[in-house]
Amino acid sequence: MIAVVEGWRAGLFARSQWVPNIVSGLIVGVVALPLGLAFAIASGVRPEQGLYTSIIGGLVVSLFGGSRIQIAGPTGAFIVILAGVVARHGAGGLLVATLMAGVMLLAMGFARFGAAIRFIPDPVISGFTAGIAVIIWVGQWHDFFGLPHTGGEHFYEKLGQLLRVLPHLHPATTALALASMALLLFGPRIPGLARLPGPLIALVVATGLQAAFRWPGVATIGSAFGGIPRGLPHLTLPAMGFDQVMSLLPSAFTIAMLGAIESLLSAVVADGLAGTRHNSNQELIGQGLANIISPLFGGIAATGAIARTATNFRNGGTGPLAGIVHALTLVAVLLVAAPLAGMIPLCALAAILFVVAWNMSGAAHCVRMLRTAPRADAGILLITFGLTVMTDLVIAVNIGVILAMLQFLRRMASSVEIVAQDAATLSVPLPPGVLVYAIEGPFFFGAVDTLERALGHTRTDPRCLILRLGHVPFMDITGLQALQEAAGNLERRGVKVVFCEANMRVLRKLLRAGLLPRGGPRRYCSTLAIALERAG
């Protein structure tokens, strides 16, 4: 159900709910302010575009999403992808890619793909998330230390050049960045500041210090971007052509998939906090609408933000009203306080992203997984992490998912058993020349070798072979073809083949695949007793 409709029916817009949701929305709006600026700059676009994204994404997802307390906006996970799109296609190309991603998310929601996203395994998600965190962290060294501009297309090239120029750091910029980092970590512990978010404390203090002392060489939003324009953005259709759309298709798909994963993970976190149950398909529809509308007003990609959603709940948010107030708070900032943003030091925003990268990395979770998970899962995590850092997120996720699928299939195939059953096992006498085998587990292409090995162990051909299918939950076409080939070979050698005890799903597949032909040999019995009687 649409979030705003569900909230209305649940009484979350009642007057008794106004104060806690308005207070929570104001606090989340304040938290979203520095994050929106930082994520936009790190993505290679102007800082106000991050605020536009927080406003539009937050408002649309709060109204049309599938979670009551979800807060949407730009997130750190997108930085690597968006910065790459801007580098290759420019800011205009990013707007087109975001719009395309929104259409994809909308289609995924209407196609009811919401439940399928959860099938991406945790080692893959943890690996690429930790890899993105490392890229964000290294990518902020320039602003954090006030380093000279460097080049390099790949991560290892950028890292090498940054290490070479690191001795030439700017002292004032580095000192201000370290002070901002300290305020981020310890500011909320100062008496009287416990209710204030760390990013806001760091941003206000760093801006005040730079405005007071005007240290030369400290880059600010004003010196780098000319400030933030006051007012709201205008509707503008991004220019696009067929060739551009085709070239942006892989990036748009990556944005859509990452947005779906992040938003549904955030919705799951919200359910755990608030004791609610989100609608995954409606959440994808809301995210799709947000990413379609956002670039029309100059915004970038938006998705569910776990930290802001958790902040919303901890401060009393219970429904969509908090998300709406969060968006209106940022509108008020744009209309009133935009000129003041020119003195915000970029090193303070870099310090915020340092903390975001650390929180995003899930270092403790990754270390625990490497220590306790099966070696194959730990290997998938490390491979996905390494590919994310050294190559590309798309390659990393694709290879990570493929490796996880192959590992799952290997485990499934090894769990399938073809068990020979004798009279003692069955507790019934077997007629002479009759063999009984039970297939236990899903019979798919990965388990065909198990059947071939089991049948190969029979030294002499029996008079009749009974295959029990009662513990086979499903079959695929490769398994059906293997059964058909084995049955045909045995029958040509004079061995009668009988299947029995299949569930209705497997039985329909046997009929459709032609293993139980009408007018042909009678190969199926509903029970083992009937099969033994026929064999006798």
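At what angle do α11 and helix α13 (residues 306–314) pack, and how far apart are their axes?

**Entry 1: the model**

I am working with a predicted model, in which local features need pLDDT of at least 70 and side-chain atom pairs count only at pLDDT 80 or more, while totals for chains, interfaces and linings use all residues. I number residues from 1 along each chain as its sequence is written, and side-chain values use heavy atoms, with hydrogens and water left out.

I looked up the overall figures next. The protein has 23 helices and seven strands. I take helices (H or I, at least four residues) and strands (E, at least two) as DSSP runs, numbered from the N terminus. Along the principal axes, the C-alpha atoms fill a box of roughly 100 × 60 × 55 Å. Of the 536 residues, 51% count as buried. Buried means under 20% relative accessible area, exposed means over 50%, and partly exposed is in between, with a 1.4 Å probe and protein chains only. I also noted that, among contacts between residues at least 6 apart in sequence, 81% join residues at least 24 apart. A contact is heavy atoms within 4.5 Å.

**Entry 2: α11 and α13**

Back to the opening question: α11 and α13 pack at an angle of about 20°, with their axes 9 Å apart. Axes here are lines fitted to C-alpha atoms, for helices over the stretch in contact, and angles run from 0 to 180 degrees between N-to-C directions. The two helices, α11 and α13, are therefore roughly parallel to each other. The classes are roughly parallel under 35 degrees, roughly antiparallel over 145, roughly perpendicular from 65 to 115, and oblique for the rest.

I recorded the crossing of α11 and α13 as right-handed. A crossing is right-handed if the near helix is turned clockwise from the far one by less than a right angle, and left-handed if anticlockwise. On the α11 side, the contact is made by Leu265, Ser266, Val269, Ala270, Leu273 and Ala274, and on the α13 side by Ile306, Thr309, Ala310 and Phe313. I sorted these residues into eight nonpolar, two polar and no charged. For this, Ala, Val, Leu, Ile, Met, Phe, Trp, Tyr, Cys and Pro count as nonpolar, Asp, Glu, Lys and Arg as charged, and the others, Gly among them, as polar.

**Entry 3: α11 and α12**

I then checked α11 (residues 242–274) against α12 (residues 280–293), and found an angle of about 125° with the axes 10 Å apart. That makes α11 oblique to α12. The crossing of α11 past α12 is right-handed. Ala260, Ser263 and Leu264 in α11 meet Ser280, Glu283, Leu284 and Gln287 in α12. The residues of this contact divide into three nonpolar, three polar and one charged.

**Entry 4: methionine 104**

I found methionine 104 in helix α4. Leaving out residues up to four places away in sequence, methionine 104 touches Leu249, Ala252, Phe253 and Ala256.

**Entry 5: the sheet**

Which strands make up the open sheet, and in what order? I read five strands in the order β3-β4-β5-β6-β7, with mixed pairing. Strands β3 and β7 (524–525) stand at the edges with a single partner strand each, so one side of each is left without a neighbour in the sheet. Two strands pair if DSSP finds at least two bridges between them.

β3 (residues 417–421) pairs with β4 in the antiparallel sense over five bridges, and glutamate 417 stands opposite glutamate 440 in β4. β4 and β5 (residues 464–471) run parallel and are joined by six bridges; leucine 435 has leucine 465 in β5 as its bridge partner. I noted that five of the seven residues of β4 (residues 434–440) are buried, so β4 is largely enclosed by the rest of the structure. β6 (residues 496–500) and β7 pair in the parallel sense over two bridges, with cysteine 525 in β7 as the bridge partner of cysteine 500.

Helix α21 (residues 477–492) packs on the sheet and touches β4, β5 and β6; its direction makes about 145° with that of β6. Helix α23 (residues 528–535) also packs on the sheet, touching β4, β5, β6 and β7, and its direction makes about 175° with that of β5.

**Entry 6: positive phi**

Most residues other than glycine have a negative phi. I looked up two arginines with positive values. Arginine 112 has a phi near 60° and sits in the loop between α4 (79–110) and α5 (122–139). Arginine 112 is exposed, with a relative accessible area of 62%. Arginine 214 has a phi of about 50° and lies in the loop between α9 (198–213) and α10 (221–225). Arginine 214 is exposed as well, at a relative accessible area of 54%.
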